Amino acid sequence: MRERITIVNNQRLHGKNVVITGASAGIGEEMAYLCAQNGANVFLLARRLDKLQSIKEKIDSDYGVHCYISSLDVSEHDQIPAVFQTVYEKMGRVDVLVNNAGFGVFDEILDADFNDISGMFNVNVLGLIACTQQVISDMCHHRSGHIINIASQAGKLATPKSSVYAASKHAVLGFTNSIRMELSRSDVYVTAVNPGPIATNFFDVADESGTYVKNVEKFMLTPHYVAGKVVSRMLTNTREINLPGWMNIGSTLYALFPRLVERIGKNAFFKK
């Protein structure tokens with residue numbers, strides 16, 4: 001079994017059902033292991049079924065929980081209802097949905113390919129909304145449940161070369177904040193997770209040159225650390241999880257003093 005550095009003890013998850021999109025690698029994979037460690041049944045969704053199968057085999061061999069997998073590209077919105085029908089057939093209900101699937105491409109807008117632009121919105125925003133719609137009715141009926149949307153610090157503080165990615169994450173935060181209020185009447189929790197850069201294969205696509213990774217490498221979070229923070233707050237009424245804390249201070253200052261932060265941080269922002 002792969003080494004687990006952080007011990008997460010969330011007894012609320014025991015016997016619960018957790019669905020994770022984008023679960024084949026990175027924080028999605030790490031959340032799957034941690035949820036299983038805490039006694040939750042998991043349904044893992046991603047495009048790469050072979051990757052999911054490998055994760056399922058580890059969970060099946062190491063934890064006494066149910067692990068289901070299904071191939072899903074959340075940008076194929078018409079596929080989502082059928083996949084979630086299977087989720088409900090297998091699990092009965094969904095206690096936690098983690099909308100983790102997403103990707104980014106870092107380009108200045110003059111160089112941005114429109115296929116990349118539409119792709120980011122189809123996955124990061126529309127796919128997330130479409131998956132959320134599949135669980136809301138049942139959660140409201142049971143007056144319990146937790147929707148966790150993986151957003152980004154980029155959704156709070158946009159920087160050069162990430163205009164479209166930041167816009168998609170701004171949209172995720174707007175959606176998340178709105179449904180948090182809507183679903184509070186049904187006692188359904190809604191949480192936004194806003195991490196800074198994480199050491200995953202996200203940057204294989206987002207930063208092909210490697211420039212951004214080189215500049216921020218010493219500040220990068222590990223997938224296991226981020227996953228631990230998220231899993232520890234599952235089924236709690238948590239508004240946001242902001243990582244790392246110092247980066248969120250910058251986002252807060254930007255909300256208060258945008259012109260000042262843009263002027264002072266200009267050189268750092270162009271290090272992508």
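Asp 95 lies in the loop that joins helix H3 (80–91) to strand S4 (96–99); helices (H or I, at least four residues) and strands (E, at least two) are DSSP runs, numbered from the N terminus. The model is predicted, so local features need pLDDT of at least 70 and side-chain atom pairs count only at pLDDT 80 or more, while totals for chains, interfaces and linings use all residues. Residues are numbered from 1 along each chain as its sequence is written, and side-chain values use heavy atoms, without hydrogens and water.

With a relative accessible area of 7%, Asp 95 is buried (under 20%; exposed is over 50%, partly exposed in between; 1.4 Å probe, protein chains only). Its side chain reaches the backbone nitrogen of Asn 17 at 2.8 Å. Not counting residues up to four places away in sequence, Asp 95 touches Lys 16, Asn 17, Met 139, Gly 145, His 146 and Leu 235, where contact means heavy atoms within 4.5 Å.

## Nonpolar cores

The largest nonpolar core has 38 residues, of which Leu 13, Val 18, Leu 44, Ile 59, Val 98 and Met 234 touch the most other members. Such a core is a set of buried Ala, Val, Leu, Ile, Met, Phe, Trp, Tyr and Cys residues joined through side-chain atoms within 4.5 Å. Helix H1 (residues 26–37) gives the most to this core, with seven residues. Another core, of 31 residues, lies apart from it and includes Met 91, Leu 128, Ala 130 and Ala 151.

## An exposed residue

Ile 264 belongs to helix H10. This residue counts as exposed, at 65% relative accessibility.

Definitions and conventions: Polar contact = N/O pair within 3.5 Å; in protein donor to acceptor, adjacent residues only side chain to side chain.
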